[in-house]
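Let's walk through this structure together, from the overall picture down to a single residue. Please take a moment to look at the model before reading on.

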Amino acid sequence: MATIDLKVGYSCNDACIHCVVDDFRDSLKEKHLKQDKSLAEITEEMTAARCRGDLLVVTGGEPTIRPDFWEILTCAKELGYRIMLQSNGRAFSKYEFAEKLKDFRSIISFCIALHGHTAEIHDTVTQRPGSFAETVQGLKNIHSLGFVFGNKIVISKYNYAILPQLCEKLAELHSSRADIAYPHAVGRAGKFWEKVVPAYSDIAPFVARAVKVLENAGISIGLETFPFCMAEGGEQYIGELQQQMQTYAEINQYGSDAGIENWSKLRLSIKRKFPRCRGCRFNLLCEGPWSEYALKCGGEEFKPVYGERCGDVRHVMSGKHRIEFQEAGLFF
């Protein structure tokens, strides 16, 4: 069964500098429409989508600040969904709030955003003083209740140089997975491109070091929107490989006129590659950067990786391509 992406609305207690939904939030304001869906609308959407998928990704905005948050989870549970909660985790800093998660123990997993290993960096990214302390305490509470959680790091000019230290912090907090995402420069990241969006070639060395930290700590890894030539040594962790094994992942972007869309196809339409990519051994699997990056920055920094062609997702995800690459005496 497929993944259903449920956007509950756009209200949030953070104001992240890379926030991708800012354009939709602005559009709703211009149309004098509410920022968040009602519980009735959410229930109707969950019910209608259940025949198409069984994993419900609950996201926003920030779902946990809604007064009906627990009702949404209860409805999802009654419908038979497994739940992936995408959150900043701040609400779980209150133990009595976090403790209510026990009712959903068998079906819920977490992807909690953490964008710096210190308050100075994380709070700069979220633009909310005190957010780091609350998120970290929330993670500690979730862990103390016996839950496993993963974390998401969105790269920006503010944090790419401390990615290895941030990954060490995740190990300290008992994270089970780290998804390191290149920013999709729409929304707020698009508005403030020069302040927010780094060059791939600048971040690549720090990502490589972060991958080593995570590997040594035994933490599962995901690299989101990384061309293969910018993920040396971490090709098997590129998130799009897992996504390519799905034929359908549903997104229904609140505030968009597009309605229900298949993210598995839509994702490919908003990325770009370059003529030189045809000579890369990973060309059949690589999706390239987001279109806006390609248009603004061009493709000079993307270099083909030479060697025997790789067209098997599972082959790369297993890491076998690295062994073959080294045996052939080929290097980036």
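How many positive and negative side chains does the protein have, and how far apart do the centres of the two sets lie? There are 41 positive and 42 negative side chains, with the two centres 2 Å apart. Here Lys and Arg count as positive and Asp and Glu as negative, leaving out His and the chain ends, and each charge is placed at NZ of Lys, CZ of Arg, CG of Asp or CD of Glu.

A word on the basis: this is a predicted model, in which local features need pLDDT of at least 70 and side-chain atom pairs count only at pLDDT 80 or more, while totals for chains, interfaces and linings use all residues. Residues are numbered from 1 along each chain as its sequence is written, and side-chain values use heavy atoms, without hydrogens and water.

Now to the fold. The protein has 15 helices and 9 strands, taken as DSSP runs numbered from the N terminus (helices: H or I, at least four residues; strands: E, at least two). Of its 332 residues, 54% are buried, meaning under 20% relative accessible area with a 1.4 Å probe, protein chains only.

Finally, visit glutamate 250, which sits in strand S8 (residues 249–251). Glutamate 250 counts as buried because its relative accessibility is 6%. Its side chain makes a polar contact with the side chain of arginine 52, at 2.5 Å; such a contact is a pair of N or O atoms within 3.5 Å, and within protein one must be able to donate a hydrogen and the other to accept it, while residues adjacent in sequence count only if both atoms are side-chain atoms.

Methods
Buried < 20%, exposed > 50% of the residue type's maximum accessible area, 1.4 Å probe, protein only.
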